[in-house]
Amino acid sequence: MTRTSQPASATTIQRQAAFARTLPMEDTRDFDDAIRGRMDALPDAAYDNEAGKTAWSLAPYGFIDGDDCPDTVNPSLWRQARLNMIHGLFEVVEGVYQIRGMDLANMTIVEGKTGVIVIDALSTVEGAQAGLALYRRNRGNRPVSAVILTHTHTDHWGGVLGVAGREDFTSGRIPLIAPDQFMEHAVSENVLAGNAMRRRAFYQFGIFLPPGQQGHVDNGLGKTYAGGQAVLVAPTDLICATGDTREIDGVTFEFQMAPETEAPAEMHIFLPALGVLNLAENAVHNFHNLLPFRGAQVRNALNWTHYISEALEMWGDGANVLIGQHHWPVFGRDAVRDYLEVQRDLYKFVHDQTVRMINQGLTPHEIADQITLPDSIARHWHARGYYGSLRHNVKAIYQFYMGWYDAVPAHLDPLPPVETGAKLMEYMGGIDAVVARAQADFEAGNYRWVAQVMNDAVFADPGHDGARQLLADAYEQLGYLSECATWRNSYLFGAQELRHGIREMPKAAARPGSALQSITEAQLFDLMGTWVDPSKAEGVSLVLDFRFTDLDRARRATLRNCALTHVPISASEGNGAVADVVLDIRRSDLNQLIARAVTLPDLMADGRARIAGNPAALKGLFDCMAPVFGNFAIVEP
Ligand SMILES: [Zn+2]
């Protein structure tokens, strides 16, 4: 019998209350800052997509409406969840406005002489349109003079075509300004391991976790993940050096490069005439992620602290207000300085103390259990881990310097989870006996241990109902207790999948699609390499030349030893004497072919592809590749 979501246990209720007593609840300034300057709002911040369906709405979160924190939510997270309910159009200072609470991220709008400069475009076209319309309803129908993208994450550029048309950008009529290396990183971060990242993002963001006191309450950075159309457009003006400036529509923008921080390409912006400092996503109101659960390359904590420090040096004396591309502003020169000093020291402290413990011989789980923030940092709400967390960020720092191996030889080659689980259950007297003992530990509130041992039990026997239910129950109490939204989401989503199985992925997300258009040929062939199935490629040896008829470029791919390698060749070099086959094709058609949206005979019949040499070689390549898409199990084998 599948149990449904359980209430908070007596132990959980007690721990929430004890935790609440450690929090600086008397500091309520964030609520004033978050509401300050509000000019207008849409009911529930809601807007629709093209099909007339709700694309975003805070209505399902209406239960988050007072200090009375339910005992199924960590009191600190509840506070952040309340702050992230505040939405609408806000005046930061005269001439600078923000759209907040209408997406995971913010849109900042700076008024120029004749129009507006938009900083970041939210996650979706629908969101950007709704945000800009709300601004115009209040400030007049001002045209867009330029768009600035602060960094490479989708929630900051996905909606760019909701702000202006593609032609406006490609013709140069509206400058699209971004940090150096923007295109190289905007998509590449999600390409090779994209399928796994999509799947793991369901855990991180609690996508399909129903909003509620026992379900989804927040994502830390903002309320939730926006669905809709995200389109990447190449920037037309790159910022390449700290100190670069642009005069746009009568407004001076100063830039600071901050690469390899929260994103691989990111920059900070200062408006000297207005004293407005925008640190993009590097100093928002939480301890950010050094390694998000969806999976990513680990981030550089030392860079992070360095660029905040540099920003303080450059602009600390002139910054009257600090804004970010998530959350609410910090008002007042002293407050801005204090805030940035604490953010700077937060990353530095955690970095330095982790490295110190590494050098003392501590391993990741030990560091996570021993490190605590000094009270002088922890008492600031913005230093708390609502998106990242102290306990997983220290493991990211360990990974950054040391990698996955903790030097304990027993961890060099352990049995995989299923075999480990089976052996442990056998040694401990059988799974029924283990579940009975774990039940006693659950009653005693030892949820971390119960989760650990019941995970082994489920991997030993995923059909054991008692083990599944107890694991789900332990995950759930851990979720209720988590201050970090991404921890809560992961625990509760894990419990949901144990109880109800894996929900089918939406069809659109289950195919290689739009991402293929935005990657380079090299990235495309790298991706194809990850689809090679050795059981089919064993013994196959092929050389294939791809000539891109629309790009005047070509690439030679070699499949040998079950590995697909590739090198660029000149467009005229494609050579049937060397290659088994030469294919003339437009890049967009190759994307379609790879995504299996068209077939080669169709393309050839239309004259969109031409082959010289042995067509069987091409079929041979495609027969050896199996694109990897769709869901996989996480909380069970
Ligand atoms: Zn963001």
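Select Arg 499 and Asp 473 to begin, and note that in this predicted model both residues are buried. Arg 499 forms a salt bridge with Asp 473, with 2.8 Å between the closest N and O atoms. Colour the two helices next: Arg 499 lies in α18 (residues 485-500) and Asp 473 in α17 (residues 465-481), so the pair ties together parts that are 26 residues apart in sequence.

Move on to Glu 521 and Arg 587, which are both buried and form a salt bridge whose closest N and O atoms are 3.6 Å apart. Because Glu 521 belongs to helix α19 (residues 521-529) and Arg 587 to helix α21 (residues 587-594), this pair ties together parts that are 66 residues apart in sequence.

Now select Arg 586, Asp 589, Asp 606 and Arg 608, which are linked in a network of salt bridges; a search of the whole structure finds 30 salt bridges.

For the metal site, centre the view on the zinc ion, which is coordinated at 2.0 to 2.2 Å by Asp 155 (OD), His 156 (NE2), Glu 281 (OE) and His 326 (NE2). The angles among these four donor atoms run from 83 to 177°, and the site is irregular. His 156, in helix α5 (residues 154-157), and His 326, in the loop between β15 (321-323) and β16 (330-331), are 170 residues apart, and both are buried.

Finish at strands β18 (residues 553-560) and β19 (residues 563-569), which pair in the antiparallel sense over seven bridges. Here Leu 559 stands opposite Leu 564 in β19, while Asn 561, in the turn of this hairpin, has a positive phi of about 55°.

Notes:
Residues numbered from 1 in each chain as written. Predicted model: local features only at pLDDT ≥ 70, side-chain atom pairs only at ≥ 80, totals over all residues. Heavy atoms only, no water. Donors = N, O, S within 2.8 Å, 3.2 Å for Na, K, Ca; no water. Tetrahedral: all angles 85-135°; square planar, octahedral: opposite > 155°, others 65-115°. Helix = DSSP H or I, 4+ residues; strand = E, 2+ residues; numbered from the N terminus. Buried < 20%, exposed > 50% of the residue type's maximum accessible area, 1.4 Å probe, protein only. Pairing = 2+ DSSP bridges. Salt bridge = Lys/Arg side-chain N within 4 Å of Asp/Glu carboxyl O.
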